[in-house]
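Trainee: Could you walk me through this model before I set anything up with it?

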Amino acid sequence: MPLIQSSLHLLPNPSRVVVRPLQIASEPRDLNPVDNERMRRIIAAVRAMDGRTTQAELALVLADFESRHREIRKVFEERYDQVASDMGLTGSLDRSQRQLIGAYFCHEYSFGAAAVMNPSIVPHPDQTGLPHGALRFILSLRAVGEGHISSVTFRQGIVLSDGSLELEPEPDLAVAAKAESHDEGRVVFRRHDCSNRLDEMVLFPFTPAQRNGLEDLRLVRFEQDNGGFTYYGTYTAYSGKAISSEILQTRDFETFELRPLQGSAARNKGMALFPRKFGKDYVMLGRQDGESLYLLRSTDLLSWEHGE
């Protein structure tokens, strides 16, 4: 088949925003007394409002946010629960008070305002209902937003039998996936908690090692020994001061597990996993010295040393 150049261009889109937790300086448990007191003043001001004032203020917020976000009231209440736990708040509040306090500690973030770049592409797990010779795919993108913070987004499309490419329209809404933290830097994101559509979901940095970015995901559909497939993706975690290599794992693009890689070869960026084992070894390309490409072999997917 001859090489076909697509006219498709993927461009930054500052109009797509997600709601993110607003941190005043840093996490509440790390705040200095001045920052902590500021948060308590905001909470006290809402608690002091009468019911009519609370509902009027909340109505103003919802009029601005509700059309751009799914289940925004639920998002505000969940944010209130986080703040209440971190601040040690006691006492019962009505729903409007909880939502308004939660709203004060949220902000909109334009996750792809600066750039979208460095895609990777894999066959979609669902290949049903396609014309003959067509292939449905998932495209991952590094989205760079305000403050040069990188996150992971996805698009879906079809490659037709003639080699032409059709990309599904980008949805208007975007939702930050919820994360669960586990031991040793492991994070689990679940798409069904936030959206039924993969291309609405955004994976944001979550751990301290990822604080300033999830960069350059390289997806592969990995053939397991039993003939089944698992999707792996290596990426760079950037803390703002240091970089390290991590790996994403999913079988269905509904649940995503992110884990750090160990070993001397995982201390830099540019790692890329081959889509099957060679003998008993997993095989990677890596750039462990920041300059040259190395061929890496390991019997342990999470540990990488040396290379040639």
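Mentor: We can go through the overall picture and then a few helices and residues.

Mentor: This is a predicted model, in which local features need a pLDDT of at least 70 and side-chain atom pairs count only at pLDDT 80 or more, while totals for chains, interfaces and linings use all residues. Residues are numbered from 1 along each chain as its sequence is written, and side-chain values use heavy atoms, with hydrogens and water left out.

Trainee: What does the protein chain average in pLDDT?

Mentor: The protein chain averages a pLDDT of 91, and 95% of the residues score at least 70; pLDDT is the predictor's confidence in each residue, from 0 to 100. Over residues 26–31, however, the pLDDT is below 50, and this stretch has 12 contacts in the model beyond near neighbours in sequence, where contact means heavy atoms within 4.5 Å.

Trainee: And how many helices and strands are there in the protein chain?

Mentor: The protein chain has four helices and 17 strands, taken as DSSP runs (helices are H or I with at least four residues, strands are E with at least two) and numbered from the N terminus. Its C-alpha trace spans about 70 × 45 × 35 Å along the principal axes. Of the 308 residues, 41% count as buried, where buried means under 20% relative accessible area, exposed over 50%, and partly exposed in between (1.4 Å probe, protein chains only). Among contacts between residues at least 6 apart in sequence, 56% join residues at least 24 apart.

Trainee: Let's take the helices. Which residues of H2 are buried?

Mentor: In H2 the buried residues are Thr-54, Leu-58, Leu-62 and Phe-65. Seen down the axis of H2, they fall within an arc of 70 degrees, so they line one face of the helix; the arc is that of the directions from the helix axis to the C-beta atoms. The face of H2 turned away from that buried side carries the exposed residues Arg-52, Leu-60 and Ala-63.

Trainee: Why would a spacing of three or four places point the same way?

Mentor: An α-helix has 3.6 residues a turn, so residues three or four places apart point the same way.

Trainee: Where does Glu-57 lie?

Mentor: Glu-57 lies in helix H2, which covers residues 51–65, and at 31% relative accessibility Glu-57 counts as partly exposed. Not counting residues up to four places away in sequence, Glu-57 touches Met-49 and Leu-100.

Trainee: Moving on to H3, what does its span come to?

Mentor: Helix H3 (residues 72–87) has 16 residues and reaches 22 Å from its first C-alpha to its last, close to the 22 Å expected at 1.5 Å a residue; the expected span is 1.5 Å times one less than the number of residues. Its buried residues include Ile-72, Phe-76, Tyr-80, Val-83 and Met-87. Seen down the axis of H3, the buried residues fall within an arc of 160 degrees, so they line one face of the helix. Just after H3, Gly-88 takes a positive phi of about 70 degrees.

Trainee: At what angle do H3 and H4 pack?

Mentor: H3 and helix H4 (residues 95–104) pack at an angle of about 80 degrees, with their axes 7 Å apart. Axes here are lines fitted to C-alpha atoms, for helices over the stretch in contact, and angles run from 0 to 180 degrees between N-to-C directions. H3 and H4 are therefore roughly perpendicular to each other (angles under 35 degrees count as roughly parallel, over 145 as roughly antiparallel, 65 to 115 as roughly perpendicular and the rest as oblique). Where they meet, the H3 residues include Phe-76 and Tyr-80, and the H4 residues include Arg-98 and Ile-101.

Trainee: Last topic: is Thr-236 buried or exposed?

Mentor: Thr-236, in strand S12 (residues 229–238), is buried, with a relative accessible area of 1%. Among the residues that Thr-236 touches, not counting those up to four places away in sequence, are Leu-214, Ile-243 and Lys-269. Lys-269 is found in the loop between strand S14 (255–260) and strand S15 (272–273), and Lys-269 is partly exposed, with a relative accessible area of 23%.
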